Amino acid sequence: MKQAYREIQGKRSRKIRFALLTTIMMAMLVLQACGNNTGGNGASASGGSNTEKAGEEATSNVPAVLNFGFIGSNKLNVPGGAEGWGFYKGIIQEELKKYGITEVKLTGFPNGPDQTESLISGRLDIGSLGDTPAIIAYASGAKTRLISQSSANTIGYLIGKKDGPKTVKDLQGKTIAIQKGSFMHRYVVGLLQEEGVTDYKLVHMLIPDATAALARGDVDATTNLGVPALKLIDQGYTHLDDASKHPNLLGSSATVVSEDYLAKFPDFPKVWNEAREKALADLKQHEDEYYQFLAEIGDTTPELAKQVNPISDIKDTAFTDEGTKLLDGTKNFLVEEKLAKKDFNISDWRLQ
């Protein structure tokens with residue numbers, strides 16, 4: 001009797017399990033049918049189109065925070081140029097939000113080598129700096145790609161101490177303060193080479209330290225740029241030379257992105273340059289306000305800001321033939337002088 005009872009119970013259990021399995025399978029088929037009913041417009045039951053889903057997948061790996069580095073320090077914590085204006089007005093931030101970037105962290109650096117070190121270490125995703133440190137870093141193996149060259153008319157100045165050298169040739173046997181690895185380093189070495197000055201000593205100093213050393217007479221000359229350079233000249237220091245007289249020694253900017261970041265956001269160069277161009281278009285509609293903005297971050301007057309950084313110097317495309325030629329010349333010079341570790345093609349570094 002017990003055996004018969006167990007057989008009856010077993011049959012009942014199997015029937016119940018079969019009924020449950022059948023019910024689950026039917027429910028799954030119904031759900032699948034509902035999910036495939038697009039109503040002829042390509043939208044799923046959840047309301048998202050195939051295109052929208054593809055877009056979501058394309059930006060799903062984009063970090064919410066973008067870490068941006070620039071050269072300089074000011075109370076607004078932004079660079080100049082179209083990029084700085086775009087950050088200041090929120091134009092770039094709004095564009096980046098469309099791709100899931102909800103915050104941009106900006107960090108100012110005293111010079112290019114310091115910035116490239118942060119880029120290489122992963123503390124930065126993108127940086128805007130002078131062409132010389134960017135080239136030197138890439139030639140040394142930095143995993144970066146060049147995505148924009150927003151200016152190609154940066155003027156370096158060579159300034160002598162009071163009652164010191166009067167000409168570049170007077171620097172024979174003298175000491176010159178430079179920021180090692182900066183575009184001004186390249187400018188000075190190229191200038192001295194052109195002038196036939198062969199006996200000189202270069203010492204690495206950041207601009208504030210070099211300015212103080214010049215005032216004390218510890219160095220015979222120093223490099224500088226922009227408003228600070230003009231202020232020194234106004235104070236009676238000797239204007240020995242500037243790169244405006246040597247087009248091949250002008251500096252240019254370089255916006256570089258780490259390859260690690262590009263792996264997460266391959267479309268970033270296009271997105272960035274479109275955002276930058278939108279900021280530039282807005283800037284051109286507010287010229288007076290832009291020069292006031294430059295005066296605020298440069299601690300100067302709008303008139304002097306306009307003299308040093310005219311809007312006409314800002315490039316309206318990511319790359320120009322003029323800028324590429326300058327980049328190539330700078331790279332060749334750095335390789336010849338063994339300031340860059342290896343030669344390379346600019347086209348292999350640049351993304352367009």
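A polar contact is a pair of N or O atoms within 3.5 Å; within protein, one must be able to donate a hydrogen and the other to accept it, and residues adjacent in sequence count only if both atoms are side-chain atoms. The model is predicted: local features need pLDDT of at least 70, side-chain atom pairs count only at pLDDT 80 or more, and totals for chains, interfaces and linings use all residues. Residues are numbered from 1 along each chain as its sequence is written, and side-chain values use heavy atoms, with hydrogens and water left out.

**Exercise 1.** Determine where His286 lies and which backbone oxygen its side chain approaches.

*Solution.* Helices (H or I, at least four residues) and strands (E, at least two) are DSSP runs, numbered from the N terminus. His286 is located in the loop that links helix H11 (268-284) to H12. A polar atom of its side chain lies 2.8 Å from the backbone oxygen of Asp282. With a relative accessible area of 33%, His286 is partly exposed (buried means under 20% relative accessible area, exposed over 50%, partly exposed in between; 1.4 Å probe, protein chains only).

**Exercise 2.** State the phi values of Asp299 and Lys338 and classify the accessibility of each residue.

*Solution.* Asp299, which is not a glycine, has a positive phi near 55°. The residue belongs to the loop between helix H12 (287-298) and helix H13 (302-308), and its relative accessibility of 64% makes it exposed. For Lys338, also a non-glycine residue, phi is positive at about 60°. Lys338 sits in the loop between helix H14 (321-336) and helix H15 (346-349); its relative accessibility is 71%, so it counts as exposed.

**Exercise 3.** Describe the sheet that contains E5 and E8.

*Solution.* Two strands pair if DSSP finds at least two bridges between them. The sheet is open, with five strands in the order E7-E6-E8-E5-E9 and mixed pairing. Strand E7 (200-204) and strand E9 (238-242) form the edges, each pairing on one side only. Strands E5 (residues 156-160) and E8 (residues 221-225) run antiparallel and are joined by five bridges. Within E8, Thr222 stands opposite Ile159.
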